[in-house]
Structures are given as C-alpha cells and as structure tokens.
Amino acid sequence: MNKQLTYFVTLLMIPLLSFSQSQFPWPEGKKMAISLTWDDGRSSQVDVGTPILDQYGIRATFYVVPSALERSLEGWKQAVANGHEIGNHSMTHPCSGNFLWAREKALEEMDLVDIDEQLDNANAEIKEILGVVPTEFAYPCGQTFVGRGVETKSYVPVVARQFVSGRTWLDEAPNDPSYCDLAQLTGVEMDGKSFKEILEYIEVSRKDGLWLVLAGHDIGTKGRQTTETKMLHKLFKYLEDQPEIWVAPVGEISKYVVENR
C-alpha cells in the first residue's frame with residue numbers, strides 16, 4: 001500500500017476510532033458508572049430490597065408514587081435515613097390507555113398542564129411524607145407523551161424544566177454521559193434477569209466508559225416484574241471487587257455529569 005493510500009485510509013478510520021469509546025472523565029480512575037433504580041414505591045422494595053442494599057453499602061434510587069408510600073411508611077423513612085434516593089414517579093402513574101388499568105388516567109386524555117400538575121403535586125406530597133424533594137424523575141411505563149394524533153406532545157421538556165434527570169424504561173443501551181439527554185436517560189430492565197445477563201451490560205459499559213442505569217419494580221416476590229434477590233447478591237459481591245465501577249444513585253451521578261461535561 002503506497003503512502004498516499006495509507007494516509008487516506010487512516011483519515012477514513014479517524015471518525016470510527018474517535019467514537020468507539022466515551023471520553024467522559026469519570027472520577028478517581030473509575031471506568032464506568034452504575035445506578036440501581038426501582039419504580040412505583042412498592043412495599044417489597046423496602047421490606048426485601050433495602051436490607052440487601054444496606055448489607056453491601058449500596059445506595060439506590062426509588063422513583064415513587066406518593067400514595068404507595070403509606071403501605072410501608074416506616075421502611076421508606078428508614079430508606080431515606082440510610083441514604084437511598086427518592087425520585088418522582090408522578091402522582092397517579094399515568095400511562096397509555098392501551099393498558100386497561102390506566103384507562104381512567106390515560107396519557108391520551110392529558111395535556112402538558114395536567115402533567116405539570118402531576119409532577120408538582122407528587123413532589124409536594126413526597127416532601128410532606130418523607131421530608132425530601134425529588135430532583136430525579138422516571139416516566140411511568142417509560143412513555144413520554146400526552147394527547148393523540150396531531151395533538152400529541154412530548155412532555156420531556158416539562159421534565160427537563162423540573163428535574164435534573166428523567167429516566168425511561170425497557171431500553172437496550174447504557175448512557176454515554178458525554179452525550180446523553182439527561183431528561184431521557186435510558187433504563188435497562190433488571191426484572192427477571194440473571195446475573196449473567198446483567199454482567200453482559202456491565203462489560204459493554206465498562207469497555208465504552210458508559211453509565212448503566214438498571215431499572216426494576218418488585219424485589220424478591222413472585223410477580224412478573226420482579227428483581228431476583230439471588231441476582232442482586234451475585235451482582236453486589238461482584239461489585240465489591242470492581243473498584244473501577246462507580247455505583248451511586250441517579251441524582252449523584254447526574255449532578256456529576258452536569259458539572260463535568
């Protein structure tokens with residue numbers, strides 16, 4: 001290959017090499033970050049989940065609907081005292097009316113004013129119940145719209161104005177902290193997943209310097225949307241030997257990302 005052709009091929013490869021890995025400066029030699037998150041404020045999260053998290057010294061983010069907190073209120077107060085983060089998951093968990101259980105609070109029948117009130121009221125109630133004001137949000141059902149047809153609107157801008165971050169659901173990739181829209185963080189499902197399946201996401205995230213936000217619902221129950229305690233124990237034991245992985249609540253990492261990119 002002559003010198004001119006070699007130079008041309010090298011130029012073509014530069015964009016591929018430049019974007020093969022995030023260049024984001026994680027702190028203290030870290031290579032990636034993980035946040036563990038759970039939605040709804042289900043009782044199993046504090047009855048089963050937080051004791052396991054506390055055992056390993058891991059703090060998580062719980063996106064809650066205020067009305068759910070009363071079922072295990074003392075557990076939630078203890079979770080806050082132990083350093084776990086409380087996020088906003090709306091007032092009534094509105095989703096598409098294609099979920100029949102959501103028909104009376106369907107996103108198709110709402111507008112941006114309705115959503116704004118949902119988020120404001122939820123923050124006010126969470127503050128009243130737990131004494132904290134959420135700075136992070138998770139979209140119920142991972143859906144980010146209101147209205148129908150040509151009247152459909154995204155409520156991502158509403159979330160971006162009110163919160164540092166907003167997390168979606170059932171995504172397939174981690175977040176690149178140097179590029180991602182914090183109002184639309186990807187959430188990778190951990191419900192029903194084995195440690196081996198989660199490890200595959202971790203290895204990709206480490207290789208590319210990304211932020212993996214894991215998302216779940218119940219913990220250690222028999223329901224369909226359940227994070228297995230066996231998986232959590234294996235994951236946490238693995239993380240104990242991985243000093244290059246930063247494990248922290250969404251709000252802590254979001255703040256760092258805002259300040260360092």
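Tutor: A salt bridge is a side-chain nitrogen of Lys or Arg within 4 Å of a carboxyl oxygen of Asp or Glu. Please keep in mind that the model is predicted.

Student: What makes the contact of K193 and E189 a salt bridge?

Tutor: The side chains of K193 and E189 meet at 3.6 Å, N to O. The cut-off is 4 Å, so the pair qualifies as a salt bridge.

Student: How many salt bridges does the structure hold?

Tutor: There are nine. One of them joins E252 to R59.

Student: How do you know what kind of contact E252 makes with R59, and where do the two residues lie?

Tutor: Their closest N and O atoms are 2.8 Å apart; the limit is 4 Å, and therefore the contact counts as a salt bridge. E252 belongs to helix α9 (residues 250–260), whereas R59 sits in the loop between α2 (43–56) and β2 (61–64). The two are 193 residues apart, and the pair links distant parts of the chain.

Student: Why is E252 called partly exposed?

Tutor: Its relative accessible area is 34%. Buried means under 20% and exposed means over 50%, so E252 falls in between. R59, with 31%, is likewise partly exposed.

Student: What makes K77 and E74 a pair, and where do they lie?

Tutor: The N to O distance between their side chains is 3.9 Å, and because the cut-off is 4 Å, this is a salt bridge. Both residues are in helix α4 (residues 73–81), three residues apart, or about one turn of the helix.

Student: Which class of accessibility does E74 have, and which does K77 have?

Tutor: E74 has 58% relative accessibility, and since exposed means over 50%, E74 is exposed. K77 has 39%, which lies between the 20% and 50% limits, so K77 is partly exposed.

Student: What makes D116 part of a patch, and of which charge?

Tutor: D111, D116, E117 and D120 gather on the surface in a patch of negative charge. Asp and Glu count as negative, and a patch residue needs over 30% relative accessible area and no salt bridge.

Student: How do you know whether the radius of gyration agrees with that of a compact globule?

Tutor: With 261 residues, such a globule would have a radius of gyration near 18 Å; the protein has 20 Å, which agrees. Of these residues, 50% count as buried.

Methods. Residues are numbered from 1 along each chain as its sequence is written. This is a predicted model: local features need pLDDT of at least 70, side-chain atom pairs count only at pLDDT 80 or more; totals for chains, interfaces and linings use all residues. Side-chain values use heavy atoms; hydrogens and water are left out. Patches are made of residues with over 30% relative accessible area and no salt bridge: like charges are joined within 9 Å, nonpolar side chains (Val, Leu, Ile, Met, Phe, Trp, Tyr) within 5 Å. Accessible areas come from the Shrake-Rupley method with a 1.4 Å probe; for residues, only the protein chains shown count as cover. The place of a charge is taken as NZ of Lys, CZ of Arg, CG of Asp or CD of Glu. The radius of gyration is taken over C-alpha atoms; the globule rule is 2.2 Å times the number of residues to the power 0.38. Buried means under 20% relative accessible area, exposed over 50%, partly exposed in between (1.4 Å probe, protein chains only). Helices (H or I, at least four residues) and strands (E, at least two) are DSSP runs, numbered from the N terminus.
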